[in-house]
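I opened this notebook to record what I looked up in one protein structure.

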Amino acid sequence: MAANSRCSAAESPPGLDSQRREIECLLRDCELRNGDSWFMVAQRWYEQWKEFVESGDQDSLCPGEIDNTELFDDLESYRLKERLVENEDFVLLPAEAWHKLRCWYGMADQQPPLERKVVDLPSTLKVEIYPVEIFLCLHVENVITAQFSRTDSIQSIQSAMCQAFSLPPTSECRLWMKSSDNSCERLRNVHMSVLDACLSSGMTVIMETRNADGTWPSSRPLILRNSVEELDSYRGQPGVCGLTNLGNTCFMNSALQCLSNTPPLTEYFLQSAYLEELNFANPLGMKGEIAEAYADIIKQMWSGHHYSVVPRIFKTKVGHFASQFLGYQQHDSQELLSFLLDGLHEDLNRVKNKEYIELRDAEGRPDQEVAEEAWRNHRRRNDSVIVDTFHGLFKSTLICPQCHKVSVTFDPFCYLSIPLPVSKERVMEVFFISLDPFAKPMQHRVVVPKAGKVSHLCAAVSELTNVPDTQMVVADVFNHRFYKIYSADESLSCILDRDDIFVYECSPQSDHQVLLAVYLRERSHYRDYGSVNTSLFGHPLLLNVPRSSCSQDALYQLFLQRLARYVRVPNSSEELEEDDPDDDEEELYKSQTNGISDDDEQEDAERSGSPPSLDGPDNALEGPGRGPPPEEGDIHNSYIGPTKPPYSGDAGPSGGHNHARGEDTHGEVAEEENENEDGAPQTSAAAEDDDDKEGEPPPSAPAADGQTEKTRACRRKKKRLFDIRAVNCNGTERENNPEMTFSSQPYVALDWDADIKKRFYNESEAEKYVKHSSMDIPQQQTTVQLQECIQLFTTVETLENENPWYCPVCKKHQLATKKLDLWSLPEVLIIHLKRFSYTKFTREKLDTIVDFPIKDLDFSGCLLRKKLSNGEPPSRYDLIAVSNHYGGLRDGHYTSYARNKDNGQWYNFDDSKVTYATEERIMTSAAYVLFYHRQDKMRKPSVPAPSTAAAEGTSPPPCTDAASALAELTMETD
C-alpha cells in the first residue's frame, strides 16, 4: 500500500508483473502503420519504470509521473532538443501502451504529450520525430510559428490558422505557400498532406480572406490597374456588372454573362458550395483551377462593388487548359460555353474514381427501363452541379438499311444544338455594266440557286436586262483591281455576300479576240530620288479587243472611247505639257507574251499603214478570260476598297446622245493627231483661235538638235492623257520578271500624271451608278418558329459517309438512318441555334429570325414520354438569357441579354457596357444561344424591379453614362 501511495496515478495500477506483461505484449504485437500515433518518452524514465516492474517489489523506487523534461530545450515553449537519438534519449511507445502508462502514472504538470505520427516516406515507414515547423501569417502580418506532421492535411493548417487569427468559421479564405526564395504557390487542394504539398521547415504559409467586393487581396492590384470602377464604395444591383473586352474576347464575355444569370449555378458558387466538391485528382479535370477562376469572376460580378470586372485571370486559365483559346483571336461563344461547362463538371465531379461500365443495347426492353438504366450509369460516373442543372436525356434510334437491325440507346446531353431550316436559294446584289460606254453601272438584286454556278447568276441577270447570258463576264473587284474573273462553270459558293460582283456585257465570243483587263494608275514623281511610284485608283475595265487592233494608237483610241463618260479629251485651246523625248520608255507589249508590239514593230506598222497581228501561236490566249470585241469595252466598277462607299445614284444621259458625244470626241483626237503627223495646217475647226495656234510649235519647223522622226513620234505620244503599260494581275510592272507570261489573261495599266488626272478625269462622275427596280423590293427576312427547329432536330436523317455506324449484325459500317427524340429535360435548358452552316461546298451564317417565346415554352409535345408520373417535373420553361452574334463568318460581335435573378429585370450586356432592356427587344436575328429555366424551379424576385420609364433603354442609375446610354447596341467589331 505504501508503494501505491507513492505512485500518484489517475487510477490504481495493476500488479507490477501485470504491467510488465501488458506493455511487453503491446510492444511485441504493434507494427508501424501510416498515420498511426506513437509517443515519445524520456529514456531515463522508461528505464526506471522497467527496473521498477521487473523487481516485483512495490517498495522499491517508483518512477513517478511521466517526465520528459530532459527532452525539451526549454520549458516555456517545450521545443524539442535537436539531434535526439532513439533508445538513447527517448523511446517510442504505441498509442495504446502510452495511454496505459499515463493512466497508471500520470503526466508531469503542464508538459504536453509528445505525440508523433508514422509517415510513409519513399520506400520506408518512420515515426516522425521532428514535425514540420512553419510560419503562419494572415495577409503577410501577424506571424506565428506552428508545427504540423507531414501527414496532416492542408485543411488542418487552415483550421489552425482560423483559430489562431480568430477568423469566423464562415469566412472564405485560401492559402499560399511561400518558400525561402520568396516564390509563392497556391495550396489549392486542402485535402493534400503536408508531405505531398512539399511543405518543409522554415517555409511560410500565408492566409488571405476574400474582400467584400469578391476580389482577393493578392489579385486586387492587378484588377485595380485594369478596372473601370470609380469608387470602392459603389453599391449597385448585384449581377449588373460588365466585363472588359481584353481584345476579341466579346465571345467569352457573352457566354459568362449568360451563365452568371443562371440562378442555380450562380447561387452554388456564391454560397461557396464548390469548395467542398473540388476534385483535384480527376485526370479529366483542370485541378480545380477553372472552377476557382470562375468562382472569382462570379463573386466579383455579384458583389455590387463593380461597374465592370476584368476577366484577365479567367482568360489566362482558359487558354492554359484549352490552347484553342490562347491569344486574342475571335472565337465562338458556344464553343467556349461547351468547354467551360465540361471543365466545371470535371473540376466539381463528386465521383473520385470512375468505374468502367459496359453499355447495353435496348434489345427489345421497354424504353422506360432502358432510360432509367442509362441515367443511373451516367450518374455513377458523372455527378456534379453541372449534371444536376444542365444534363438531360435523349433517345437515339439507328436502323440498318440492309438487315434492318434497330439499335436504341439513351444518351445524356448538356445542350441542344438544333438546326435552322436552310433555304436552297440565295439573294445576290451585283452591278451590271452595259456595252454603252455612257451608261452608268446598274445595281441589281437577283435570286440564284445556293448550290448554283456562275452561269445561273448570268441567267438571272439576263432576265432583268434582256442581254443574253452568253454575252456576260462575271468579275470580283477589290481595291481597284480584279480579284478574280470567273468562268461560267465555277460554283457560286466561292462568292461571298460581302464581295463586290460585277457582270459585264460582252458581244459573242470569237477566237480572234482577247479579253483585256485594264487598270488605272496614278504616277507620283520623286525627282530627288529619280524614281516614279504608281498607285491604283478608280475602277478597272474589261475590254474585248480584236487581235488585229492591239497597236498603241488603236488601244489609246479604244480606251478613250470607253472612258468617255468621265474622261474629258483636251480641246484645241488646251495643250498637255510635253516631256523630254529622252524620257520615253519602252512600248507596251512584246509580241511573244501579250500580243502588243514593241517600238520597232510599231514603227514598221505605222510606215506600212497596217497594225501588227496577234495570229502567231505564242499569242493565243486561253482560259476563262476570253471575251468581247473592242466595241464592247466595259466601264467602271463601284469603288472597291475595304468597304463599299455609297454611289451618288444619279442617272446617266440617254444612249443616243452618249453615242453622239463619243463620235465627236473620237474625231477631234484623230484630227489633232493627223495634223501633227502630216505637218499640214490646222483644219478650220482647230484654227479658230490664233492664241491656240501660237501655243504649239510649227509642225514643219526643223528641229534645232536634229531630232529624228522617231523622236518626233515619241514627242507626239507624250501628248496623250495616259501611257499604256503591261502589268501583272496585281497592277504592278512585269518587265523585270521575264518568266511571267499572259497565256490566259493579259493585264495593262493606264498611267496618269497627277496634274493631267486632276484636269481631265472626273472622279465624281466615275463613282455614279443607278439602281434597278429590283433593289426597291424589300428583302423578306425569313422567320421560323423555335418549335419548327426542334421538330427538325428530331427528324429522321441518314448518316454521312464520314460518320457511318457499325452494324453488329452485318459486321460492317452502314449508312444507317438516325432519329433523335427528347426523353427528359434538365432544370436549365441550353438551346444552341446552328446559325453557322458548313458543307463541302458552302460556308454561311444564317440570319433567319427564330421566333422563340420569352415565357411558357412548352415541351410537352416534343417529349417522347407523353405520360409523366407524379414525381416528374413539368415541361414549361421561361427564357433567362440569350447570347447574340452580330456580323458574318469572318468577323462579328457578341453581346447578351439576361434576366437578373434578384429583381427580374432584363439587361443588355455589351462587354463593359450594361443597359436596360425590354422583353420586346430580345428576339432578333442575332440570337445564337438561348437559356431556358424550368418554371417549377424559378423563384420570385427578391427586390423590386426598376420603374418602367427607367427600363426603356437607359443604363442602370449608378452607371456613369446613365444619361446618354441607349438600349440600341453600339456595334464594335472585334
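**Entry 1: the whole protein**

I noted at the start that this is a predicted model. I looked up the secondary structure and found 22 helices and 39 strands. I then asked what share of the 974 residues is buried.

**Entry 2: helix α3**

I turned to helix α3, which covers residues 43-55 and has 13 residues. From its first C-alpha to its last I read 18 Å, close to the 18 Å expected at 1.5 Å a residue. Which residues of α3 are buried? I listed Gln-43, Trp-45, Tyr-46, Trp-49, Phe-52 and Val-53. I next looked up what covers these buried residues, and the elements include α2 (16-29), β1 (37-42), β2 (90-94) and α4 (95-105).

**Entry 3: the pair α2 and α4**

Two of the elements that cover α3, namely α2 and α4, also meet one another, and I examined that contact. Their axes come within 9 Å and cross at roughly 155 degrees. Angles over 145 degrees count as roughly antiparallel, and α2 and α4 are therefore roughly antiparallel to each other. I recorded the crossing as left-handed. On the α2 side I found Gln-19, Glu-22, Ile-23 and Leu-26. On the α4 side they meet Glu-96, Ala-97, Lys-100, Leu-101, Trp-104 and Tyr-105.

**Entry 4: helix α7**

I asked how many of the residues of helix α7 (residues 250-260) are buried. I found that 11 of its 11 residues are buried, and I noted the helix as mostly covered. Among these buried residues are Cys-250, Phe-251, Met-252, Leu-256 and Cys-258. Asn-253, Ser-254, Gln-257 and Ser-260 are also on the list of buried residues.

**Entry 5: helix α12**

I looked at helix α12 (residues 367-381), which has 15 residues. It reaches 22 Å from its first C-alpha to its last, close to the 21 Å expected at 1.5 Å a residue. Its buried residues include Val-370, Ala-371, Glu-373, Ala-374, Asn-377 and His-378. Where do the buried residues fall when α12 is seen down its axis? They fall within an arc of 165 degrees, so they line one face of the helix. I noted a general point that helps here: an α-helix has 3.6 residues a turn, so residues three or four places apart point the same way. I then looked up the partners of this face, and the buried residues of α12 pack against α13 (385-390), β12 (392-399), β13 (406-413) and β29 (817-824).

**Entry 6: the pair α9 and α11**

I examined helix α9 (residues 289-301) and helix α11 (residues 333-347), which pack at an angle of about 115 degrees with their axes 8 Å apart. α9 and α11 are therefore roughly perpendicular to each other. I recorded that α9 passes α11 in a left-handed crossing. The contact is made by Glu-289, Ile-290, Ala-291 and Tyr-294 of α9, together with Phe-339, Leu-340, Leu-344 and Asp-347 of α11.

**Entry 7: residues around this pair**

I looked up Phe-321, which is in helix α10 (residues 312-321). Is Phe-321 buried, partly exposed or exposed? With a relative accessible area of 26%, it is partly exposed. Leaving out residues up to four places away in sequence, I found that Phe-321 touches Met-286, Glu-289, Ile-290 and Phe-339. Phe-321 and Glu-289 are 32 residues apart in sequence, and their C-alpha atoms are 9.5 Å apart in space.

I also looked up Asp-342, which lies in helix α11. Asp-342 is partly exposed, at 43% relative accessible area. Asp-342 and Leu-284 are 58 residues apart in sequence and 9.5 Å apart in space, C-alpha to C-alpha.

**Entry 8: two positive phi values**

I found Lys-287 in the loop between α8 (263-270) and α9. Its phi is near 60 degrees, a positive value in a residue other than glycine. Lys-287 counts as partly exposed, at 44% relative accessibility.

I found Asp-911 in the loop between β37 (906-910) and β38 (913-916). Asp-911 has a positive phi of about 55 degrees although it is not a glycine. At 5% relative accessibility, Asp-911 counts as buried.

Technical notes. Residues numbered from 1 in each chain as written. Predicted model: local features only at pLDDT ≥ 70, side-chain atom pairs only at ≥ 80, totals over all residues. Heavy atoms only, no water. Helix = DSSP H or I, 4+ residues; strand = E, 2+ residues; numbered from the N terminus. Expected span 1.5 Å × (residues − 1). Buried < 20%, exposed > 50% of the residue type's maximum accessible area, 1.4 Å probe, protein only. Arc of directions from axis to C-beta. Contact = heavy atoms within 4.5 Å. Axes fitted to C-alpha atoms, helices over the stretch in contact; angles between N-to-C directions. Parallel < 35°, antiparallel > 145°, perpendicular 65-115°, else oblique. Left-handed = near helix turned anticlockwise from the far one by under 90°.
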